[in-house]
Amino acid sequence: MSETTDRTGLDAGIGRIPIMAVQPVVDGGRYPARCVEGETVTVSANTFREGHDAMGVQLVLISPEGKEQRRALDLVEPGLDRWETSIRPEQIGRWSFRIESFSAPYSTWAHIAEVKIPAEMDVDLVCAEGALVLQRVLAEIDGGIRPAADGPVLRAALESLRAPGLPASARVAPALAADLRGILTERPLREGVTVAGPFPLEVQRRRALYGSWYEFFPRSEGARFDPEHGWTSGTFRTAAESLDRIAEMGFDVAYLTPIHPIGSTFRKGRNNTLDPLPGDPGSPYAIGAAEGGHDALHPELGTMEDFDAFISRAKELDLEVAMDIALQCSPDHPWVKEHPEWFTVQADGTIAYAENPPKKYQDIYPLSFDTDYEGLYAAIRDMLELWVAHGVTLFRVDNPHTKPVRFWEELLAEFAQTHPEVIFLAEAFTRPTMMHTLGKVGFHQSYTYYTWRESAEELREYLEELVETAPFMRPSFWPTTHDILTPFMSEGGRRAFVLRAILAATLVPTWGIYSGYELVEDVPRPGAQEQIDNEKYEFKPRDYAGALARGESLEPLLGTLNRIRREHPSLQTLTTIRFHEADDEQVLVFSKHLDAAGSGTGAPDTVLVVSLTAHDRDAWTTLSLDLDALGVGESFEVEDLLTGERFRWGRDPYVILSAEDRPAHVLRIIHPEES
């Protein structure tokens, strides 16, 4: 056997052929890099050797069952010694990969032969060296390393090298011919093999990367008011009637804010007042009452049978249901009496309520994981298991950064084993280090700072950062939430809502809106970046049908955006994004491209977005497009997917955008094979 191996690593030194900066690797392999089934993943490494001899690099991809696939990496940046290839794992589960670098004796000899033989230099020596190389390859056949089918071509080339009566060019021709090169490219002769890895790669289901979320309060759907009896809450049955409209807009996920009993102690009234009026429903985030806690349903919403019917209707419409999980309790939660050790007790003997000075949340007790960790862990796990058993496949987790990271690491690892289909979204508007770590320990998706990134420069820098963190933190873009209404949105009105929806839906694979977005609900509560008459503290039924009939609703736009996303696989990716230039620095230009194999359609798919980033101005600007990133020549045709218009563009098209009626182009590149 001719192959020799060195392993890299802390215990083995740098190895014969150094392998550095392997990607995608998270914290040196402590946590798995993540992708979804069928996603194109770039694998790269910086690897090099001394001198001028040829070398090669291979990726060995190992399936969850242990089956190995081997492919070559290409030298894509010679000056930086960067080698790269791409993979598309199709099976959900825990994969791994390693990188193998090696000296390539055949390639070294072939280069020498191509230089010396035409010059008739050292002909006999070159042929003798070539014969030694091919003999070593043949020995691999005898050793069972190489298939016997390689033998005839190798033996013919060896015989020619040993025929001194032939002209020099004829002697080496079979050893340099395409058929033998093909054999030794696919199965190279390797020396000094150096190995980096294995590194873990977690392949998850597609919804972990791509989806469109619609958030709503089920109690508002079908709620009604009459002066004599006050409010009547909506129910799961009335909320199920809203699922048709959500599905018609093309959303994939129906996300429910908390649906559990709500405490009455320190219940908040409208607009977060401490003086609720009779009939005020309270914040659904103040979880727990006499009727039960996190494993119970608010009685006004209905029974478990009603909830199951809601789930069933969602499935009929190809919608998945996400539940909001807020790990906190009202003072009336059963856990407060049954397990006081799960809370922080103050010096005066009272349980500490939640606060983020100067904000106070008197209706909520945070959980403490420091007294009875195992007991609290088991209770939370069992509660989640209950909802999974009833058909919930996604959880939006409220403020996960206020819980120990150790807890999430253990819980999410357990669910990855028992319920790999279940997806967790982190609502963690916090420091990047915490957000990144939550992703590393298992959260599939995370809320982001998109809500506050407004200029073209800010968005470009942020997306480039998110691409770098893609192996462990997948972004979810929300223009507003039930907690957040930025000045950009409250001051920009309909223009801002249109613009930010277009950007959120095209910049990243997962985006979401909070109900009422389609009605441009943009009035803030004085002194706060959230809506007035906030739905967290009151019922808020809406006249969606009337607004649509009057032409005031954004439903048609939202439906169009979701249809475009479904029809164009490139928009279901994050790491393919490439930015282009515009003379107007407030215009953002970006594209996403998949080749025919990556798109799954048999044809390449490229979408180019040219968008305003300000809601209060128009733009007349010249673009500078990277045609290689678009996969086109100097002249090409585009179709605006928002309007149906077609244009003939080149490298430097001139574009006019209007904040009022054309804030963006979302363009399909028409490739020659589609014409």
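Hi everyone, let's start on a helix: Glu491 sits in helix H13, which spans residues 487-507. Before I go on, please keep in mind that this is a predicted model. Is Glu491 buried or exposed? Its relative accessible area is 63%, and since the cut-off for exposed is over 50%, Glu491 counts as exposed. For a sense of distance, take Trp649, which is 158 residues away from Glu491 along the chain: the two C-alpha atoms are 35 Å apart.

The largest nonpolar core has 149 residues, and the members touching the most others are Ile99 and Leu507. Which element gives this core its largest share? That is H13, with 12 residues. As for Ile99, if we skip neighbours within four places in sequence, its contacts include Ile19, Val22, Val43, Leu73 and Thr194. There is also a second, separate core of 26 residues, and among its members are Trp109, Val123, Ile141 and Leu154.

Now for the sheet. Eight strands form a closed barrel, in the order S11-S14-S15-S20-S21-S22-S23-S24, with parallel pairing. On average, neighbouring strands here are turned by 30° against each other, ignoring direction. Helix H7, residues 304-316, packs on this sheet and touches strands S11, S14 and S15. The direction of H7 makes about 135° with that of S15. To zoom in on one pairing, S23 (residues 475-477) and S24 (residues 510-514) run parallel over 2 bridges. In that pairing, Ser476 stands opposite Thr510 of S24.

On to the aromatics, for those of you who like rings. How many aromatic pairs does the structure hold? The count is 33.

Last item, charges over rings. Lys440 lies over the face of Phe472, 5.0 Å from the ring centre. Arg500 does likewise with Phe488, at 5.6 Å from the ring centre. And with residues 487-507 making up H13, we are back at the helix where we began.

How values were computed. Residues numbered from 1 in each chain as written. Predicted model: local features only at pLDDT ≥ 70, side-chain atom pairs only at ≥ 80, totals over all residues. Heavy atoms only, no water. Helix = DSSP H or I, 4+ residues; strand = E, 2+ residues; numbered from the N terminus. Buried < 20%, exposed > 50% of the residue type's maximum accessible area, 1.4 Å probe, protein only. Phe/Tyr/Trp six-rings, centres within 6.5 Å; stacked < 30°, edge-to-face > 60°. Lys NZ or Arg CZ within 6 Å of the ring centre and 35° of its normal. Pairing = 2+ DSSP bridges. Axes fitted to C-alpha atoms, helices over the stretch in contact; angles between N-to-C directions. Contact = heavy atoms within 4.5 Å. Core = buried A, V, L, I, M, F, W, Y, C linked by side-chain atoms within 4.5 Å.
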